[in-house]
Amino acid sequence: MIYAALLAVVQYLVVLTGFTPNENAIWLYSGFASLLFGSRLLNPHFTPPADAATNAFMALAALIAGSLVVAPDSADAALLWSVVALCATICVVSVLVLLIRPPVGAETRPLARIADKAVRGLGSPVVIFTIVILLCVWLFHRTRADEVAAILSAWAVIVVLRPVESILGFIDWGREQWGAIRADQLIGAIAAYQSPGIVLVRQLGDNSVPRGTPMVVADNNGPWMLGVALNYVGRDEGNLLRVLTVRLPEGLKSRISKLPETRGTGIALALSATPEELADVPAIQWINRLCGVVVSDTNLDYVLFEVTEDRDLAEGRLVEARIGDHHVIFQIIDGLTREDIVQQKNTYGYARAKARKIGRWDTDAGKFVPVKWLPRINAPVFLLESDQHAVSPGAVGHFPSTIFGVGLNISDAVTHNTAILGILGIGKSYLSIELVERMVANGIKVICLDLTNQYAELLSEFIDPAYEEARQQELAAAGQGGVPNQNQEQGGSHLAFRGQVTEQLRAFINPGEQRRLRIFNPAQFEVTRQASGMYQGNANMATLTPTEITAIISDAALTVCQELGMIDRARVCLVYEEAHSLVPEWNSVVAEGDKAATARSARAILQGRKYGLGCLLITQRTANVTKTILNQCNTIFAMRTFDDTGKEFLSNYIGRDYAGVLPSLEAQHAVIFGKASSCENPVLVRLNNREHFLEAFRAVHPVQPPPAAEVQEPPELPAQVNEIGDQIPF
């Protein structure tokens with residue numbers, strides 16, 4: 001409006017011909033059409049071919065109207081018609097460009113692209129109507145210097161000087177500067193970008209910026225970001241503050257309209273925002289759990305992260321980091337300190353943690369699902385919040401301080417064999433008793449070989465003492481005495497004892513038998529074998545060791561399972577408590593016969609899987625247990641252990657990282673790995689408290705007492721057996 005008034009004043013006061021359309025008003029209406037409406041309203045940034053054709057046509061019409069007062073065959077006429085030809089050419093070429101351009105895609109023909117570029121430039125309202133105005137000044141106003149000066153001055157003001165735009169721009173700039181950025185908002189300049197997602201801010205002043213402080217990280221070369229203060233990482237020319245950057249919500253960008261002068265670098269500005277405005281920013285919502293950022297050398301199995309906040313961090317704690325669209329859980333297994341040079345001799349010391357990938361928690365399945373990729377570098381790492389968990393009936397343990405449980409497929413634990421390894425007094429027996437109760441609830445028959453007599457007390461609800469006592473007396477009676485025989489292999493009482501064991505296990509393992517638990521103490525039986533040839537009707541007799549008694553029971557269990565045929569699930573589990581005494585390694589035997597006995601027990605375990613027979617092996621000393629059985633244990637519960645042999649053996653199962661944490665494990669904690677575990681990778685868990693387990697598990701699987709049975713007195717041994725037995729030296 002100001003520029004239009006300026007043109008009207010020049011026409012009215014200087015040209016003095018009024019606003020009647022004639023040759024003296026062509027410049028005025030051209031100014032209205034081009035300098036005001038065209039360049040200010042219709043085409044302020046660029047001129048498309050269609051508008052170029054319109055501008056050229058309007059200029060052409062004005063010049064043709066003015067040609068009526070120009071003398072023909074004069075120099076002025078030649079100049080006029082030259083400009084007419086230019087306008088006509090621009091109009092025609094613009095129309096051709098519109099006709100031949102492709103409907104979709106980019107123009108690839110060189111001539112068409114050149115023509116398009118030419119008409120966009122020459123057909124712009126400023127260019128084409130500047131030519132028209134200058135021509136009109138020459139043709140119709142050159143005789144009056146005041147008109148020429150006034151028209152050209154108005155043109156220069158509107159096209160070149162543009163004072164109104166400059167004044168309005170200055171006013172807008174001043175309005176933006178007035179209170180837009182206060183001194184206390186400026187945190188500092190950006191010192192470095194650590195892509196992706198991290199910037200280092202060189203802080204101005206000596207005020208400490210608390211962790212989690214929101215800020216705007218902005219520069220003129222990219223999108224503004226929302227920053228979250230993490231920690232200080234040293235100093236060079238000032239304190240270096242590490243800031244995590246995320247997408248800036250659109251509603252917050254309007255808080256800061258323009259950046260101050262930053263000499264080419266970005267800046268960090270404090271941002272005041274309500275909790276509602278930051279509700280959709282996870283980095284802000286979870287800042288109290290943010291404990292670090294992912295660093296280099298992270299791989300598909302492990303994440304390495306620099307610790308920014310070590311509060312509540314501990315070995316075994318769970319952390320999470322984002323991989324793609326999933327929040328993936330990792331378990332801390334190691335940590336170390338590092339030092340980096342910041343500038344010259346300035347150093348920055350920090351802690352780096354190592355965590356093993358566990359997977360993505362599937363709530364519906366109640367287990368972790370593998371995620372086969374790794375987090376990006378500088379991704380934030382969050383500590384999972386500590387929570388008091390309720391024991392799940394299906395979980396054998398929980399990750400420390402979390403609600404995530406680790407389940408166990410009890411059938412796979414039997415058929416593929418399970419071992420519980422650890423020193424004395426850390427909860428091995430309570431764990432094994434829990435597993436036995438799970439087996440019983442799952443319909444698996446359990447034969448416990450227990451030298452400690454602990455199982456009979458803790459599992460008393462599942463056995464009938466009178467029935468067990470009667471069966472024990474039958475076995476004791478079968479093992480007493482023993483006569484010599486010309487065939488040394490048949491001498492002694494071991495064959496009778498073996499027969500009685502087989503008969504009892506045949507009745508126990510029978511699918512129709514409701515009893516599911518038998519407990520034997522191999523050290524309580526006196527069973528003999530002939531140790532020498534006969535001489536004058538006598539022979540030396542030797543008492544079988546617990547290892548040899550164990551072999552008899554293991555053989556009998558295999559025989560009965562073979563009689564029942566093959567099966568694809570667990571049928572019977574042999575529990576070897578104090579396995580280093582029941583199935584010792586060849587260099588740990590106490591008697592020469594124990595080597596062969598251990599081999600027979602191992603053969604039963606090796607052949608038993610297809611018949612549903614497996615074992616649960618519990619020991620304090622890995623080195624002293626036969627590796628023939630131990631190597632067949634596909635599921636491992638590794639508890640605290642100190643001996644190098646045990647750690648070296650376990651490192652083949654659970655990896656050296658987890659094997660390295662075994663000496664420092666707390667009581668009732670274990671590293672679990674194997675086919676029966678619900679996690680595909682080794683995990684460190686807090687095992688169930690027995691009281692809490694019983695409360696949760698028996699609410700779902702109540703104890704079913706064994707049926708009462710008529711107890712028969714064991715048969716009397718023949719007198720001659722007793723007499724001969726009295727003559728046998730032991």
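**Close-up 1. F649 and Y653, two buried rings on helix α20.** F649 is buried, and Y653 is buried too. Because these two sit 4 residues apart in helix α20 (residues 644-661), about one helical turn separates F649 from Y653. Residues three or four places apart on an α-helix point the same way, because such a helix has 3.6 residues a turn. The ring centres of F649 and Y653 are 5.2 Å apart and the planes meet at 50°, so this pair goes down as tilted. Keep in mind, here and in every view below, that this is a predicted model.

**Close-up 2. The whole protein, for orientation.** Stepping back for a moment, you'll find 22 helices and 25 strands in the protein. Of its 730 residues, 48% are buried. Take the contacts with a separation of 6 or more: 69% of them involve residues 24 or more positions apart. The protein exposes about 35,500 Å², and 55% of that comes from carbon and sulfur atoms.

**Close-up 3. Helix α15 and what covers it.** Helix α15 runs through residues 494-509, which makes 16 residues. From first C-alpha to last, α15 reaches 22 Å, close to the 22 Å expected at 1.5 Å a residue. Which residues of α15 are buried? They are H494, F497, Q500, V501, T502, Q504, L505, F508 and I509. The cover over these buried residues includes the helices α14 (465-479) and α16 (546-564).

Close-up 4. The protein has 8 aromatic pairs in the count. One of them is F497 with F525, a tilted pair with 5.4 Å centre to centre and 55° between the planes. This pair ties together distant parts of the chain: F497 belongs to helix α15, while F525 is in the loop between β18 and β19, 28 residues apart.

**Close-up 5. A cluster of four rings.** Here's a group to pick out together: W361, F368, F399 and F404. Ring pairs link these residues into a cluster.

**Close-up 6. Charges over ring faces.** Two spots to look for here, each with a charged residue and a ring. R289 lies over the face of W286, 4.9 Å from the ring centre. At the other spot, K354 lies over the face of Y302, and here the distance to the ring centre is 4.4 Å.

Technical notes. Residues are numbered from 1 along each chain as its sequence is written. This is a predicted model: local features need pLDDT of at least 70, side-chain atom pairs count only at pLDDT 80 or more; totals for chains, interfaces and linings use all residues. Side-chain values use heavy atoms; hydrogens and water are left out. Buried means under 20% relative accessible area, exposed over 50%, partly exposed in between (1.4 Å probe, protein chains only). Contact means heavy atoms within 4.5 Å. Accessible areas come from the Shrake-Rupley method with a 1.4 Å probe; for residues, only the protein chains shown count as cover. The expected span of a helix is 1.5 Å times one less than its number of residues. Rings of Phe, Tyr and Trp (its six-membered ring) pair if their centres lie within 6.5 Å; planes under 30 degrees apart count as stacked, over 60 as edge-to-face and the rest as tilted. A charge sits over a ring if NZ of Lys or CZ of Arg is within 6 Å of the ring centre and within 35 degrees of the ring normal.
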